[in-house]
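Subject: Structure handover and findings

Hello,

Here is the structure we talked about. Please open it alongside this message and follow along.

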Amino acid sequence: MTLHCDVAIIGAGTAGMAAYRAARVHTDKVLLIEAAHYGTTCARVGCMPSKLLIAAAEAAQAVREAHRFGVQAEAPRIDGRAVMQRVRSERDRFVGFVLETIHGWPESTRLFGRARFTGLGALDVEGQPIKARTVVIATGSQPFVPSGWRERLGAKLLVNDDVFDWVDLPKSLAVVGAGVIGLELALALHKLGVRVRLFARGNRVGPLTDPELQPLAQKLFAEDLPLTLNADKLDPVLDGDEVVIGGERFEALLCTAGRQANLDNLGLEALNLPRDAEGHPLIDRHTSQWGGMPVFIAGDVTNDRPLLHEASDAGRIAGDNAARWPDVHARPRRAPLAIVFSEPQIAIAGASHAELVATRREFDTGRVSFADQGRSRVMGVNRGGLHVYAERGTGKLLGAEMIGPSAEHLGHLLAWSVQRGDTVQQMLDCPFYHPVVEEGLRTALRQLHSDLHLPAPPIEDCMDCDTEAEVGG
């Protein structure tokens, strides 16, 4: 017997759940289809368990560095089993909240099984035919593993999904891939006493694109972690119970060489939907519609800013428009914001340096080093730098990149300013307490304001002007 619904949603992760909620505002005839397990990537194997591991690493590092403040402490003793017990326990708690939410939805709106298109608006879920007015694809992504590595290394080949089921910490680990996931996990495990080497397959570490900040990031991380750049011809082999790679032997290899969209085996060939040269879906990110048809797509499966808040927003847009179809509405998107919980932290807010260069937009850069920034020195975290970018002529903030202390907080402030359309002068007119790390941002903004050669604002409208300079000018 065919099941009929207005909106069928394939995938019950962050994007799928957001799409479900948005669609249910308009219709009760929504069907959420999941093939593997309920619970988001973030809660199960992503942002939350990784931060639990990072928190343990930061605690260990704080003990090691206490002597810098005149506080003497013994070297930390890492109980790997206790570390991983807390990671798994708290991870399961976070997943439990997600499961509680999903199981609270009407059972008639949930279906477990693998979905496949048999035509436009037609699905088969393991023998159960579904007919839907519109379909939302929110199938997420999975770790990419180079061809042959699984066959060659067997159980010694790990992906980040495997890490958070560990009962104990390994003694050694090779990490291949210096993106966000690889960088965070390699640094955390290194601080927890695991012998780690991070292999970057290119000449970059982390997501920074600024030509001055990327080399700085490489320098800082190389000071803290064994790091090999341009390791693009790696040929790991299994020798007994150990993985041999780059001339070193490790207990296992953790592959963090990117992720790939879960688009295979969905029967999409029956729909002839447009893709770019690399096979990624060509979609309108303001409507989430794919190919102008009653098909919408959201989340990591799109390869468009694979972050939880972006997946949630895209899912909401997809679910709303799927339920409204054919009355599709374009929705605004938030200012870009990406954060890496490394040490030091990384943040990109608004447009990156590379994006600005690609658009040929004229901009100037304000810079600050944290090496001598007051509060950063007080806390002993005075490493890194911040670059802020503003449009020539208007002084409008366009974006920023940084590596340094409190990047997760500064990144938010900068993203909010970008989204509001703040100018450099408007940001300088906001309060800056003393002593705080944010004073470093003010330094960069002041330099940027000077370089932009903007006309001086009226004194009565400017809280950060030099009165004598204004009068004399």
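Below is what was found in it, taken topic by topic. Please keep in mind that this is a predicted model.

Start with strand β9, residues 172–176. Is it enclosed or open? 5 of its 5 residues are buried, so β9 is largely enclosed by the rest of the structure. Its side chains go two ways. Ser172, Ala174 and Val176 point one way, while Leu173 and Val175 point the other way. Buried residues are found on both sides.

β9 has a parallel partner in strand β10 (residues 195–199), with 5 bridges between them. Val175 is bridged to Leu198 of β10. To get from β9 to β10, the chain passes through helix α7 (residues 180–191). That β-α-β crossover is right-handed.

β9 also pairs with strand β15 (residues 253–255), again in the parallel sense, over 3 bridges. Here Ala174 stands opposite Leu253. β15 takes in residue 255, and Cys255 is buried, at a relative accessible area of 2%.

**The nonpolar cores**

In soluble globular proteins, nonpolar side chains tend to be buried together. The largest nonpolar core here has 41 residues. Those that touch the most other members are Leu53, Trp166, Leu173, Leu183, Leu189, Leu198 and Phe221. Several elements give two or more residues to this core: α3 (47–64), α4, β9, α7, β10, α8 (213–224) and β21 (345–350). Which one gives the most? α7 does, with 6 residues.

Take a look at Phe221. Beyond its neighbours within four places in sequence, Phe221 is in contact with Leu183, Leu187, Val205, Ser342, Glu343, Pro344, Ile346 and Ile403. Another core lies apart from the largest one. That other core has 28 residues, including Ala415, Val418, Leu452 and Leu454.

**Helix α1**

Next, α1. 9 of its 11 residues are buried, so this helix is largely enclosed by the rest of the structure. The buried ones are Thr14, Ala15, Gly16, Met17, Ala18, Ala19, Tyr20, Ala22 and Ala23. What covers them? The cover includes β1 (3–10), β2 (30–34), α4, β6 (128–137) and α9 (308–324).

**Aromatic pairs**

There are 2 aromatic pairs in the structure. One joins Tyr20 and Trp105: the ring centres are 4.0 Å apart and the planes meet at 20°, so the pair is stacked. Planes under 30 degrees apart count as stacked. Tyr20 sits in helix α1 (residues 14–24), and Trp105 sits in the loop between α4 (80–103) and β3 (110–112).

Phe363 lies in strand β22 (residues 363–369) and Tyr389 in strand β23 (residues 385–391), so the pair ties together parts 26 residues apart in sequence. Phe363 counts as buried at 14% relative accessibility. Tyr389 counts as buried at 0%.

**Cysteines**

How many disulfides are there? The count comes to 1 disulfide. A disulfide is a covalent bond between the sulfur atoms of two cysteines. Here Cys42 and Cys47 form it, with their sulfur atoms 1.7 Å apart. The torsion about the S-S bond is about -125°, so the disulfide is left-handed. Cys42 is buried, with a relative accessible area of 12%. Cys47 is partly exposed, at 27% relative accessibility. Elsewhere, Cys430 is also partly exposed, with a relative accessible area of 39%.

**Leu273**

Last, a loop residue. Where is Leu273? Leu273 is in the loop between β16 (259–261) and β17 (283–284). Leu273 is buried, with a relative accessible area of 10%. Pro236 is another matter: 37 residues away along the chain, its C-alpha atom is separated from that of Leu273 by 38 Å.

Best wishes

Conventions: Residues are numbered from 1 along each chain as its sequence is written. This is a predicted model: local features need pLDDT of at least 70, side-chain atom pairs count only at pLDDT 80 or more; totals for chains, interfaces and linings use all residues. Side-chain values use heavy atoms; hydrogens and water are left out. Helices (H or I, at least four residues) and strands (E, at least two) are DSSP runs, numbered from the N terminus. Buried means under 20% relative accessible area, exposed over 50%, partly exposed in between (1.4 Å probe, protein chains only). Two strands pair if DSSP finds at least two bridges between them. A crossover is right-handed if, with the strands pointing away from the viewer, the path from the first strand over the helix to the second runs clockwise. Rings of Phe, Tyr and Trp (its six-membered ring) pair if their centres lie within 6.5 Å; planes under 30 degrees apart count as stacked, over 60 as edge-to-face and the rest as tilted. A disulfide is a pair of cysteine sulfur atoms within 2.5 Å. A nonpolar core is a set of buried Ala, Val, Leu, Ile, Met, Phe, Trp, Tyr and Cys residues joined through side-chain atoms within 4.5 Å. Contact means heavy atoms within 4.5 Å.
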